[in-house]
Amino acid sequence: MSAPAGNDAGRAGTGVHAPTRARIAERTLRTDRWWLQPLLTSLGLATFVVYATIRSFVRTAYWVPDYHYLTPFYSPCLSDSCVAGSTHFGTPFGELPGIIPLGFVVLPFLLGFRLTCYYYRKAYYRSVWMSPPACAVAEPHAKYTGETKLPLIIQNAHRYFFYVALLVSLINTYDSILAFHSPQGFGFGLGNIVLLANVILLWAYTLSCHSCRHVTGGRLKHFSKHPVRYWIWTKVSKLNTRHMALAWTTLGTLTLTDLYVMLVASGAISDLRFIN
């Protein structure tokens with residue numbers, strides 16, 4: 001990895017700026033477009049964050065009463081501010097001011113789960129935190145502290161966010177089951193396929209988490225004495241190899257699911273119905 005020019009020699013550091021590192025004027029000797037992947041990652045993450053933030057605060061078109069479609073961005077809705085029918089677990093909270101999203105109970109934990117995810121760490125460490133932005137490219141930080149200080153020390157809470165994510169996946173599953181509804185009773189439409197596909201992929205992403213792999217078999221010293229846990233661990237391990245793909249796929253399905261519910265709830269499109 002290249003180091004800063006000689007005029008930076010006096011900077012205290014433990015990374016590329018350390019006094020014992022070679023002094024190279026160029027930030028990197030690479031001639032390829034090393035910056036493209038970090039840029040695309042940043043744009044992808046920023047697009048989702050902007051969309052999700054806007055949708056979480058607008059408080060419109062998140063519930064389809066005829067078919068019981070509820071967008072995952074508003075689940076669970078536990079406030080008196082929620083529209084009638086969308087509160088599947090009651091309303092333990094009163095009216096909320098507009099500056100608080102209706103899904104405030106779980107949104108911070110889901111955000112924490114995503115941000116501390118091992119794949120997302122790799123993605124935004126390179127693209128946002130620039131530590132380092134690419135192989136053989138000097139990072140802008142004078143010192144390397146890893147995950148021992150704020151803000152990166154929060155990464156150590158990943159397992160606890162994982163437990164909440166499991167609970168939210170159960171809630172989303174419950175929502176998708178309740179959505180088999182129509183004014184005549186049982187119903188099935190395109191929205192049900194969208195909601196089910198989203199919740200299945202969310203389960204796959206959550207269970208492919210490194211924390212889930214560790215919980216299922218990380219502390220076992222003798223797999224032969226725990227055949228059931230070993231079997232679960234092997235299945236989670238196979239799923240774990242697809243964690244990166246699932247991380248991006250679920251960002252897309254969350255967006256598409258919310259967009260579909262929004263379009264149906266607002267009357268922009270009609271739900272394609274197969275039964276009732």
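A nonpolar surface patch of about 470 Å² is formed by Phe-186, Ile-193, Leu-272, Phe-274 and Ile-275. Patches consist of residues with over 30% relative accessible area and no salt bridge, with like charges joined within 9 Å and nonpolar side chains (Val, Leu, Ile, Met, Phe, Trp, Tyr) within 5 Å. Areas were computed by the Shrake-Rupley method with a 1.4 Å probe, and for residues only the protein chains shown count as cover. The model is predicted: local features need pLDDT of at least 70, side-chain atom pairs count only at pLDDT 80 or more, and totals for chains, interfaces and linings use all residues. Residues are numbered from 1 along each chain as its sequence is written, and side-chain values use heavy atoms, without hydrogens and water.

Leu-272 is partly exposed, at 47% relative accessibility (buried means under 20% relative accessible area, exposed over 50%, partly exposed in between; 1.4 Å probe, protein chains only).

Three salt bridges are present, each defined as a side-chain nitrogen of Lys or Arg within 4 Å of a carboxyl oxygen of Asp or Glu. Arg-55 and Asp-258 pair at 2.7 Å, N to O. Asp-271 pairs with Arg-273, with the closest N and O atoms 2.7 Å apart, and both Asp-271 and Arg-273 are buried. In the salt bridge between Asp-32 and Arg-30, the closest N and O atoms are 2.8 Å apart. Asp-32 is partly exposed at 41%, and Arg-30 is partly exposed at 29%.
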